[in-house]
Amino acid sequence: MAERVTKSFSAMAVSRWLNALSAVGGRSENTIVSYRRDVRGFLEFLEGHFARPVSLKLLGRIDRTDMRAWMSRERARGISARSLARSLSSVKAFFRWLGENEGVDAPAVLATKAPRFAVGLPRPVAPDDARSLVDTLEGQANKAWVGARDAALVILLYGCGLRISEALALRRQDAPLKDTLRITGKGGRQRLVPVLPRVREAVDSYLEICPFAARAEDPLFLGERGGPLNPRIARKAIERARMQLGLPEGTTPHAMRHAFATHLLAAGGDLRTIQELLGHASLSTTQIYTAVDQAQLMDVYRSAHPKA
């Protein structure tokens with residue numbers, strides 16, 4: 001296998017791989033950004049580790065010792081086991097592509113086991129806390145339409161189980177909201193989500209007092225200057241509200257999605273339906289909510305069961 005120039009080779013190879021994922025694999029922009037960061041970090045490590053540019057021939061010579069050295073370096077940098085496992089997954093995906101497209105055989109990379117880590121249970125927001133959060137968001141904003149916007153966003157996340165990226169991807173043409181929303185989630189997977197009257201009313205109330213005229217293709221949720229609402233601004237608003245209420249740090253936009261799933265399960269929803277509503281590719285991802293439900297049940301048991 002002939003040597004190639006490395007920095008240019010590695011950059012070109014990563015770009016070709018990511019372009020293929022975007023075009024054919026339907027990966028989201030955030031996933032592509034994570035893949036690029038993880039793989040570039042690995043290739044930069046190899047250049048320092050071998051003290052020479054990366055080439056196809058070098059990639060084919062990686063052994064278990066090299067992989068252990070990379071993982072040890074990452075842990076020494078303070079990278080968590082969960083983040084390292086994600087990075088390793090990205091690296092393996094890249095090397096599988098190299099094997100199919102460049103003939104690189106790197107069994108040591110593909111055989112490397114991810115570090116074990118404890119899977120943390122989602123921390124959903126209690127129904128009463130969700131209502132208090134909405135009320136606080138409406139009252140804390142310096143402009144009435146901004147408070148209505150923040151409240152509508154949280155009600156949408158909680159009422160439909162959306163990711164914040166999915167909610168902020170909605171367009172003005174989606175309003176007024178119909179009985180169902182067609183959402184494009186991770187991996188380009190589409191799903192239909194029912195819209196409750198309360199969600200529709202909150203979005204309508206926000207739009208009635210929003211001061212900006214918007215075209216059909218403009219974002220549904222706007223920032224204070226009329227551009228797309230930055231997700232960091234939304235997270236900051238929720239953070240201020242949860243601090244006022246004394247709610248846990250885990251009270252985030254994503255916690256509203258967890259609450260949607262957990263409360264549905266507690267009300268008798270079946271896992272398959274919840275999987276479809278959340279847009280999970282695998283049922284195993286949705287099954288974590290059964291553990292949440294059981295954990296809450298045990299909390300109630302411990303606090304309420306009569307002691308001898």
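Buried here means under 20% relative accessible area, exposed means over 50%, and partly exposed is anything in between (1.4 Å probe, protein chains only). All views show a predicted model with residues numbered from 1 along each chain as its sequence is written. Local features need pLDDT of at least 70 and side-chain atom pairs count only at pLDDT 80 or more, while totals for chains, interfaces and linings use all residues; side-chain values use heavy atoms, with hydrogens and water left out.

**View 1. Glu102 and its partner Arg16.** By the cut-off above, Glu102 is buried, because its relative accessible area is 15%. Glu102 sits in the loop between helix H5 (81-101) and helix H6 (107-111); helices here are DSSP runs of H or I with at least four residues, strands are runs of E with at least two, and both are numbered from the N terminus. The side chains of Glu102 and Arg16 meet in a polar contact of 2.7 Å. That term covers a pair of N or O atoms within 3.5 Å; within protein, one must be able to donate a hydrogen and the other to accept it, and residues adjacent in sequence count only if both atoms are side-chain atoms.

**View 2. Aromatic pairs, starting with Phe94 and Phe95.** Rings of Phe, Tyr and Trp (its six-membered ring) pair if their centres lie within 6.5 Å; planes under 30 degrees apart are stacked, over 60 edge-to-face, and the rest tilted. That rule gives 9 aromatic pairs. Phe94 and Phe95 make an edge-to-face pair, because their ring centres are 5.9 Å apart and their planes stand at 85°. Both are buried, Phe94 at 1% relative accessible area and Phe95 at 2%. Trp145 and Phe212 are edge-to-face too, at 5.7 Å centre to centre with 80° between the planes. Trp145 belongs to helix H8 and Phe212 to the loop between helix H10 (197-209) and helix H11 (231-245), so this pair ties together parts 67 residues apart in sequence. Trp145 is buried at 8%, whereas Phe212 is partly exposed at 27%. Back with the phenylalanines, ring pairs link Phe94 and Phe95 with Trp17, Tyr35, Phe42, Trp70 and Trp97 into a cluster.

**View 3. Leu157 and Leu162 in contact.** Leu157 is part of helix H8 (residues 144-160) and is buried, with 0% relative accessibility. A contact means heavy atoms within 4.5 Å. Setting aside neighbours within four places in sequence, Leu157 touches Leu162, Arg163, Ile164, Ala167, Pro253, Met256, Arg257 and Phe260. The C-alpha atoms of Leu157 and Arg257 are 5.9 Å apart, though the two residues are separated by 100 residues along the chain.

**View 4. The largest nonpolar core, 45 residues.** Such a core is a set of buried Ala, Val, Leu, Ile, Met, Phe, Trp, Tyr and Cys residues joined through side-chain atoms within 4.5 Å. Leu133, Leu153, Leu156, Leu162, Tyr206 and Phe221 touch the most other members. Among the elements giving two or more residues are helix H7 (127-140), strand E1 (180-184) and helix H12 (253-266). H8 supplies the largest share, 11 residues. A second, separate core of 30 residues includes Phe42, Val54, Met71 and Phe94.
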